Amino acid sequence: MSTTTSEARSPLPLLLKRGRSSTGTSTTAEARSPLSVLQFRRRSSKDVRNITSVSSSLLPAFGTVIEDDSSSSKPYIVLHYDRRYRLWELFLVILVGYSAWASLFELAFMRAAEGALMAVDLVVDFFFAADIILTFFVSYLDKSSYLVVDDHKLIAKRYLKSVAFVMDVASTLPIQFIYKAITGNIGRGQAFGFLNLLRLWRLRRVTELFKRLEKDPHFNYFLIRLIKLLCVTIFWIHLAGCILYWIAYHYPRPTETWIGSQVEDFKERSIWLGYTYSMYWSIVTLTTVGYGDLHAVNSREKTFNMFYMLFNIGLTAYIIGNMTNLVVHGALRTFSMRSAINQILRYTSKNRLPDTMREQMLAHMQLKFKTAELRQEEVLQDLPKAIRSSINQHLFRSVIVEAYLFKGFPNGLIVQLVSQIKAEYFPPKMEIILQNEIPTDFYIIVSGGVDIVASKGVSEQVLAKLGPGSMAGEIGVVFNIPQPFTVRTRRLSQVIRIGHHKFKEMVESDNDVDAKMIITNFMNYLKGLNDELKKEIPFLADADAQVQETVQTEETPQSNNEEIVTVSRNEYEQKEERRSEGVPKRVIIHGQAPPNQDNNNNGDSNGRLIILPDSIQLLFDLAEKKLGKRGSTIAMADGAHVEQIDALRENDHLYIF
């Protein structure tokens with residue numbers, strides 16, 4: 001009895017579909033989730049940290065509790081993801097490029113190792129020696145627990161036990177200067193040249209740098225990959241040229257070498273002349289051009305050339321494959337769009353669809369690809385709900401607040417509503433809502449414009465034109481009737497879609513203030529409609545009378561002397577029960593199965609408003625007279641079968657089939 005009285009007091013169930021929502025918590029939601037919780041927190045530039053500079057491997061294990069402070073509390077500890085340390089690593093990578101070039105160059109051209117390059121090598125080795133010392137104070141990520149370790153002893157123990165420490169020291173020691181300090185002679189010979197090749201160990205820093213830059217959104221991925229491929233190619237050309245020159249330089253008969261056949265006294269000529277010849281041969285061979293002016297002469301050179309050309313096959317395939325992948329990736333969206341358009345054309349041709357329908361399908365598909373970068377649904381769906389809600393708050397809150405139906409709506413319900421919306425684009429001349437379809441959503445126009453169209457047989461009549469800030473489809477949703485109009489876009493339009501069930505769950509709650517506010521706004525809007533629109537809305541006059549009658553019963557009566565008369569809750573409920581007794585119930589009957597059933601819906605979708613008779617048999621007789629066919633089953637909209645006539649309520653939708 002209390003449930004019936006509560007529904008009689010609330011105006012919203014008269015228009016919305018019957019049934020209390022299990023999640024109607026507008027009052028608690030307003031107190032529990034105020035708007036300030038979802039608003040963006042503005043922070044000063046000192047508090048904002050560059051999150052992308054943090055290594056992607058900083059992932060604590062599930063269930064692990066870590067400190068909130070990102071800075072280390074230990075003295076003289078450098079965090080390995082600190083921005084200043086990243087700049088130091090970038091500087092060392094530049095020095096690595098020089099070391100990789102110089103170590104091979106000095107091996108092939110021994111005279112260069114005794115000149116100015118020795119002083120430069122000493123300076124470069126000094127910076128790498130400083131990095132070895134610095135590494136003892138740099139934190140690291142424990143691979144087992146995924147926690148940052150900043151303990152001095154653990155850092156030192158880990159570094160000393162690693163292969164990296166041995167190789168770092170070996171590649172940094174100035175062997176020639178140590179040899180001179182011990183023996184008093186300058187270190188010459190092939191042994192020192194091969195020992196300098198230990199500097200190639202430093203190339204691992206370049207690999208780590210490119211891995212990090214490829215994942216950094218601040219840098220263009222295509223450009224980074226292109227630079228990486230270019231560096232690999234240049235290093236391989238330099239390596240092959242230096243090796244071939246070294247073979248020729250140490251061959252017993254210099255004139256029987258690839259360069260000696262062209263320049264007999266190449267050993268006495270300029271170093272840069274030999275380097276130029278070497279680079280020319282290496283590039284020509286790598287690109288598989290092979291002019292034949294420089295070619296292998298002796299067996300050593302031929303053996304090296306065979307391995308070099310075999311490796312070039314793999315390197316060329318690697319470079320071409322990467323470049324093709326980068327180019328195709330850039331055109332992938334265009335290829336997908338063209339493929340989808342071709343599929344639509346084949347489908348429409350095979351099924352002989354009208355030209356207008358084909359044009360609508362093509363326009364929708366093209367708009368989908370054009371707006372993909374704006375919508376990014378595949379990105380947003382992976383974000384946490386709070387972030388998605390914050391994004392919607394930032395983009396669409398002002399539009400929701402300005403809509404007439406939500407004037408004066410509390411902030412708590414606005415937050416819930418905005419978090420459930422979905423933005424969509426529609427091309428021109430596209431039907432957003434079809435007349436007589438089941439109301440599942442209603443829309444708020446953000447930009448563009450739509451026409452409200454009434455179909456009358458084969459003709460159509462434009463009843464109204466709506467622009468930004470207007471609503472469409474809400475009449476069918478609030479009245480819970482098939483959509484009375486067709487809504488068609490006039491130009492490219494962006495709309496906000498709000499689901500019927502989500503909307504009903506929020507406004508159907510124990511607090512009737514919000515429901516009355518919506519109904520008041522809705523009825524005030526209906527009063528301002530033109531006469532042509534009102535004629536097309538079924539049950540408008542009856543619904544208006546019911547709402548006005550319900551609202552008047554909730555107002556406190558006053559005497560002529562403006563003395564307030566108070567009525568207790570029990571007396572009010574008894575009065576409502578007495579008033580409802582003897583008053584016939586009005587229901588809406590449909591000659592079809594409920595919309596959620598699998599049967600064919602061939603009946604009158606608008607239904608017939610009748611006075612509820614006293615028995616089920618009389619209801620069947622009346623339905624046969626109104627609908628033109630005899631039924632045997634009575635069901636509600638949710639599929640529940642009706643067995644007792646007294647279980648029905650005012651404005652129930654009955655499906656007789």
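Predicted model: local features only at pLDDT ≥ 70, side-chain atom pairs only at ≥ 80, totals over all residues.

Visitor: About what angle does helix α19 make with β10?

Guide: Contact means heavy atoms within 4.5 Å. Axes are lines fitted to C-alpha atoms, for helices over the stretch in contact, and angles run from 0 to 180 degrees between N-to-C directions. Helix α19, residues 385-402, lies across β3, β5 and β10, and its angle to β10 is about 75°.

Visitor: Which strands stand at the edges of that sheet?

Guide: Two strands pair if DSSP finds at least two bridges between them. The open sheet has 4 strands in the order β3-β10-β5-β8, with antiparallel pairing. Two of them have a single partner strand each, so one side of each is left without a neighbour in the sheet: β3 (422-426) and β8 (471-472).

Visitor: How many bridges join β5 to β10?

Guide: Phe442 stands opposite Ile498 in β10. Strand β5 covers residues 441-447 and β10 covers residues 493-499, they run antiparallel, and the number of bridges is 6.

Visitor: How far apart in sequence are the parts that Arg199 and Glu106 tie together?

Guide: A salt bridge is a side-chain nitrogen of Lys or Arg within 4 Å of a carboxyl oxygen of Asp or Glu. Arg199 and Glu106 form one, with their closest N and O atoms 3.8 Å apart. Arg199 sits in the loop between α10 (190-196) and α11 (204-215), while Glu106 is in helix α4 (residues 83-108), so the parts they tie together are apart by 93 residues.

Visitor: Is Arg199 buried or exposed?

Guide: Buried means under 20% relative accessible area, exposed over 50%, and partly exposed in between (1.4 Å probe, protein chains only). Arg199 comes out at 8% relative accessibility, so the word for Arg199 is buried.

Visitor: Which residues are linked with Arg199 in a network of salt bridges?

Guide: Asp125 meets Arg199 in a salt bridge of 4.0 Å, N to O. Besides Arg199, the network links Glu106, Asp121, Asp125 and Arg202.

Note on methods:
Residues numbered from 1 in each chain as written. Heavy atoms only, no water. Helix = DSSP H or I, 4+ residues; strand = E, 2+ residues; numbered from the N terminus.
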